[in-house]
Amino acid sequence: EELGVGQTQSPPTTIRNENEKLRPLSFSRSPFPLPRTTTPPPRPVARTLQLQQPRSSSPDQIHSTMPKATITKKITKKRLAPFVRQQADRHFRISRTGYRKAKGIDGRMRRRFRGTRPNVKIGFGSDKKTRGLRPNHFYTFLVQNVADLDLLLMHNTTHAAEIGHAVSFKTRKEILNRAAQLDVKVTNANARLRKEE
């Protein structure tokens with residue numbers, strides 16, 4: 001039929017099957033099989049479960065969930081070199097005494113002349129917020145018995161217990177058992193505990 005003005009030819013109602021064009025050729029006489037088009041399923045990934053160890057009261061197996069320090073400010077030291085006493089390089093007896101303030105009426109070191117050693121001043125002091133902290137950001141609290149350890153019940157995130165050097169082996173085990181219950185960090189937990197029972 002002839003098309004009028006402004007009319008377009010509509011597509012045919014029957015569409016030829018396109019799969020016929022893409023049908024693979026059959027090699028029935030070929031001895032070689034066709035290659036597989038499907039990929040093998042991915043291998044299962046092995047997962048390791050990290051189980052949290054239960055808390056143990058024995059000193060040999062202290063639980064790993066130790067408290068973390070709440071003071072996280074970086075510890076900086078203004079001066080690490082020791083202060084030297086005046087004329088410590090001249091006399092050996094003076095070098096053994098440590099630092100002493102220079103008090104001579106005409107002393108060059110007391111008057112802070114150029115070329116002399118520095119004197120102890122307040123300006124060399126460290127930050128007040130981190131002064132006295134250990135490298136693990138805990139304050140040290142000396143413990144001699146179990147009763148002293150109970151004082152750290154509410155301060156286990158700022159102070160760490162340190163057992164005295166004269167504490168016996170029996171008392172050390174009691175302190176470590178109590179520290180595991182209170183979740184208190186002990187700095188020298190392994191000291192004098194290598195003795196075989």
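In the predicted model, the protein chain comprises three helices and two strands, where helices (H or I, at least four residues) and strands (E, at least two) are DSSP runs numbered from the N terminus. Along the sequence these elements follow the pattern α-β-α-β-α. Residues are numbered from 1 along each chain as its sequence is written. As the model is predicted, local features need pLDDT of at least 70 and side-chain atom pairs count only at pLDDT 80 or more, whereas totals for chains, interfaces and linings use all residues; side-chain values use heavy atoms, with hydrogens and water left out.

Of the 197 residues in the protein chain, 19% are buried, with buried meaning under 20% relative accessible area, exposed over 50%, and partly exposed in between (1.4 Å probe, protein chains only). The protein chain exposes about 17,500 Å², of which carbon and sulfur atoms supply 52%; accessible areas come from the Shrake-Rupley method with a 1.4 Å probe, and for residues only the protein chains shown count as cover. Among contacts (heavy atoms within 4.5 Å) between residues at least 6 apart in sequence, 53% join residues at least 24 apart.

Four salt bridges are present in the structure, each defined as a side-chain nitrogen of Lys or Arg within 4 Å of a carboxyl oxygen of Asp or Glu. One of them pairs Asp127 with Lys73, with the closest N and O atoms 2.6 Å apart. This pair links distant parts of the chain, Asp127 lying in the loop between helix 1 and strand 1 and Lys73 in the segment before helix 1, 54 residues apart. Asp127 is partly exposed at 29% relative accessible area, and Lys73 is partly exposed at 40%.

A further salt bridge joins Asp89 and Arg117, whose closest N and O atoms are 3.6 Å apart. Asp89 lies in the segment before helix 1 and Arg117 in the loop between helix 1 and strand 1, so the pair ties together parts that are 28 residues apart in sequence. Asp89 is exposed, with a relative accessible area of 59%, while Arg117 is partly exposed at 31%. Glu162 and Arg134 also meet through their side chains in a salt bridge (3.5 Å, N to O); Glu162 belongs to strand 2 (residues 159-163) and Arg134 to the loop between helix 1 and strand 1, 28 residues apart.

On the surface, Lys101, Lys103, Arg110, Arg111, Arg112 and Lys121 gather in a patch of positive charge. Patch residues have over 30% relative accessible area and no salt bridge, like charges being joined within 9 Å and nonpolar side chains (Val, Leu, Ile, Met, Phe, Trp, Tyr) within 5 Å. Arg112 lies in the loop between helix 1 (92-95) and strand 1 (139-143) and counts as exposed at 56% relative accessibility.

Notes: Lys, Arg positive; Asp, Glu negative; His and termini not counted. Charge placed at Lys NZ, Arg CZ, Asp CG, Glu CD.
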